[in-house]
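Biologist: Please bring up the model so that we can go through some of its contacts.

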Amino acid sequence: MGLGHWIGGALGFVVAPGPLGVIAGAVLGGLVENLFSDKGNEAATRYYDEKAGNPHAYSQQEQRNDFLFSLLVLASYMIQADGRIMHSEMEFVRRFLRSNFGESAVIEGEEILHNLFRLRKKTVDAQGRMAYERLISDSCRQMGAAMSYEQRLQLLALLAEIAKADGRIDAAEAGALREMAVAMGLTAAEAESMLYMGGDSLEDAYKVLETDPDASDEEVRKAYRRLALKHHPDRVAALGEDVRKAAERKFQELGEAKEKIYKARGMK
């Protein structure tokens, strides 16, 4: 399935009234017909039915497609956070699109990303940098209201991978990740944990577990159990096998951080 078919086929809360709808209308062009017509109104109804507690308001396909479009929007912001568009960061997104939709989708995905880059420039030139940052923050809040906790956590994990794609953690990118996390209803500590997963040092391992060297052994155990529960790959199975595999890698890195701390403390 091509990305264009995906965009036009089954979007849910993205086409409900809100900042993501504004972004979609600006960057997708003819890929979404009648964005705020009957389809948009129907999507808005499904969104508000969901908020009212209807468990069948969204199909798995809509959840997955909303997740992937949200990833593109926030990826475009993360890629430009340090003022540069790095090949390694673009390549991470290309690989993700390729694994989801095949080679033909990469071209369409890049076109959407470049449209997002142009939207940022147009907004900054006309209204200033803060205006675009508010648009992204408002979009994050819309995601936070519509996505499950586990979906937001996995979205944050993928954004952290973009930040690390060039082999270093830039201060501006780390700051952008923390800001997006908080706007989505997550925490700055969860953003830090994502950034340091896969790190080599004991200090990195403590950051992954969202604890510190002064914590007791029991506090470390509790921190690991809490994180293992919320990072379990089964919690994002509805988003597709590729997203689940990404979650499995994070779950493994969490276990590696735990083992590093346990070994340093002589814990079993």
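Biologist: Which residue meets Lys-121 in a salt bridge?

Modeller: This is a predicted model, where local features need pLDDT of at least 70, side-chain atom pairs count only at pLDDT 80 or more, and totals for chains, interfaces and linings use all residues. Residues are numbered from 1 along each chain as its sequence is written, and side-chain values use heavy atoms, with hydrogens and water left out. A salt bridge needs a side-chain nitrogen of Lys or Arg within 4 Å of a carboxyl oxygen of Asp or Glu. At 2.8 Å, N to O, the partner of Lys-121 is Asp-125.

Biologist: Which helix holds both Lys-121 and Asp-125?

Modeller: Both residues are exposed, where exposed means over 50% relative accessible area, buried under 20% and partly exposed in between (1.4 Å probe, protein chains only). Helices are DSSP runs of H or I, at least four residues long, numbered from the N terminus. Lys-121 and Asp-125 are four residues apart, about one turn, in helix 6 (residues 103-127).

Biologist: How far apart are the closest N and O atoms of Glu-133 and Arg-129?

Modeller: Both residues lie in helix 7 (residues 129-146), four residues apart. Glu-133 has a relative accessible area of 22%, so it counts as partly exposed. Arg-129, at 49%, is therefore partly exposed too. The closest N and O atoms of their salt bridge are apart by 2.3 Å.

Biologist: Is Asp-170 buried or exposed?

Modeller: Asp-170 forms a salt bridge with Arg-168, with 3.5 Å between the closest N and O atoms. Arg-168 has a relative accessible area of 42% and is therefore partly exposed. The relative accessible area of Asp-170 is 12%, so Asp-170 is buried.

Biologist: How many salt bridges does a search of the whole structure find?

Modeller: Some salt bridges share partners, and these join Glu-91, Arg-94, Arg-98 and Glu-110 into one network. Over the whole structure, the search gives a total of 16.

Biologist: Why do helix 8 and helix 10 count as oblique to each other?

Modeller: Helix 8 (residues 149-164) and helix 10 (residues 188-196) pack with their axes 9 Å apart. Axes are lines fitted to C-alpha atoms over the stretch in contact, and angles run from 0 to 180 degrees between N-to-C directions. Angles under 35 degrees count as roughly parallel, over 145 as roughly antiparallel, 65 to 115 as roughly perpendicular and the rest as oblique. The two helices are therefore oblique, at an angle of about 50°.
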